[in-house]
Amino acid sequence: MQYTTQKASVTLSQLAIVDVQTKLTVVMPVGDMQVVIKNCGILLQAANLLNVAYIVTEQYPQGLGPTVPELATLIQQPPVEKITFSCVAEPKFNRHLTRDHSQVVLAGMEAHICILQTALDLLSTGKQVFVVEDAIISRNPANKANAIERMRSAGCVITNTESVVFEWLGVASGDAFKAMSKLIR
């Protein structure tokens, strides 16, 4: 499938933050996990500021705990609970997908399991998938690298937090630009 643009558009995008949960974060590389939480927070704040639809998921929250507090304070609707690795295999996730938004921006964990399977399934439904490389993580960095290569080869756009935010903004003026510039610093 060919797309005329490889840029995330605020009018076409929907953000999915996948499984950034308390008990799962403690088994990740500490420094990398802090960066992922920070970048997921920036993406959520930008989505809230710019009215980008988003979905937050939790994998088996009874066992893996809730979404980390740093992100939980930013979400405005309850997370979608799931036991499937691919978010697309969870009917509640699909009900929250905005049908008229052709792009899904993915962040969260783990890159080689839930992010990978969700990305591949979203592609199969015709969505353009943007994977935010600095907002995803796996316990083993080699697994993350392999997942990124697989997603890129499958047709996902591999991007970063700042690129997504500034593509959503589109212009370097106004209150939204000022607010987002402060977050990025």
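Angles under 35 degrees count as roughly parallel, over 145 as roughly antiparallel, 65 to 115 as roughly perpendicular and the rest as oblique. I take axes as lines fitted to C-alpha atoms, for helices over the stretch in contact, with angles from 0 to 180 degrees between N-to-C directions. Helices (H or I, at least four residues) and strands (E, at least two) are DSSP runs, numbered from the N terminus.

The model is predicted: local features need pLDDT of at least 70 and side-chain atom pairs count only at pLDDT 80 or more, while totals for chains, interfaces and linings use all residues. Residues are numbered from 1 along each chain as its sequence is written, and side-chain values use heavy atoms, with hydrogens and water left out.

**Entry 1. Helix 6 and helix 7**

I looked up helix 6 (111-124) against helix 7 (141-154). Their axes are 9 Å apart and cross at an angle of about 5°, so helix 6 and helix 7 are roughly parallel to each other. For contact I use heavy atoms within 4.5 Å. Helix 6 brings Ala111, His112, Ile115, Leu116, Ala119, Leu120 and Leu123 to the contact, and helix 7 brings Asn143, Lys144, Ala147, Arg150, Met151 and Ala154.

For classes, Ala, Val, Leu, Ile, Met, Phe, Trp, Tyr, Cys and Pro count as nonpolar, Asp, Glu, Lys and Arg as charged, and the others, Gly among them, as polar. On that basis the contact of helix 6 with helix 7 has nine nonpolar, two polar and two charged residues.

**Entry 2. Helix 6 itself**

I checked the length of helix 6. The expected span of a helix is 1.5 Å times one less than its number of residues. For the 14 residues of helix 6 that should be 20 Å, and the end C-alpha atoms are 18 Å apart, which agrees.

Which residues of helix 6 are buried? With buried as under 20% relative accessible area, exposed as over 50% and partly exposed in between (1.4 Å probe, protein chains only), I find Ala111, Cys114, Ile115, Leu116, Thr118, Ala119 and Leu122. Their cover includes strand 1 (13-18), strand 2, strand 3 (80-82), strand 4, strand 5 (128-137) and helix 7. Just after helix 6, Gly126 takes a positive phi of about 95°.

**Entry 3. Helix 2 and helix 8**

Helix 2 (residues 30-50) packs on helix 8 (residues 161-169) at an angle of about 5°, with the axes 10 Å apart. That makes helix 2 roughly parallel to helix 8. From helix 2, Asn39, Ile42, Leu43, Ala46, Ala47 and Leu50 meet Thr161, Val164, Val165, Trp168 and Leu169 of helix 8. The contact of helix 2 with helix 8 has nine nonpolar, two polar and no charged residues.

I followed Leu43 in helix 2. Leu43 is buried at 0% relative accessibility. Not counting residues up to four places away in sequence, Leu43 touches Leu15, Ala107, Val132, Ala135, Thr161, Val164, Val165 and Trp168. From Leu43 to Ala172 I read 129 residues in sequence and 18 Å in space, C-alpha to C-alpha.

**Entry 4. Cysteines**

How many disulfides does the structure hold? I take a disulfide as a pair of cysteine sulfur atoms within 2.5 Å, and the structure holds zero. Cys40 is in no disulfide, and its nearest cysteine sulfur, that of Cys87, is 12 Å away. Cys40 counts as buried, at 0% relative accessibility. The closest cysteine sulfur to that of Cys87 is in Cys114, at 6.4 Å, too far for a bond. Cys87 is also buried, with a relative accessible area of 0%.

**Entry 5. Backbone exceptions**

Most residues other than glycine have a negative phi, and most peptide bonds are trans. I noted these exceptions.

- Asn51 is not a glycine, yet has a positive phi of about 60°. Asn51 sits in the loop between helix 2 and strand 2 (53-59) and is exposed, with a relative accessible area of 68%.
- Tyr60, also not a glycine, has a positive phi of about 40°. Tyr60 lies in the loop between strand 2 and helix 3 (61-64) and is partly exposed, at a relative accessible area of 44%.
- The peptide bond from Met109 to Glu110 is cis, with omega near -20°. Glu110 is in the loop between strand 4 (103-109) and helix 6.

**Entry 6. His101**

Last, I looked up His101, in the loop between helix 5 (91-96) and strand 4. Is His101 buried or exposed? His101 is buried, with a relative accessible area of 15%. Leaving aside neighbours within four places in sequence, His101 is in contact with Thr11, Leu12, Ser13, Gln14 and Lys127.
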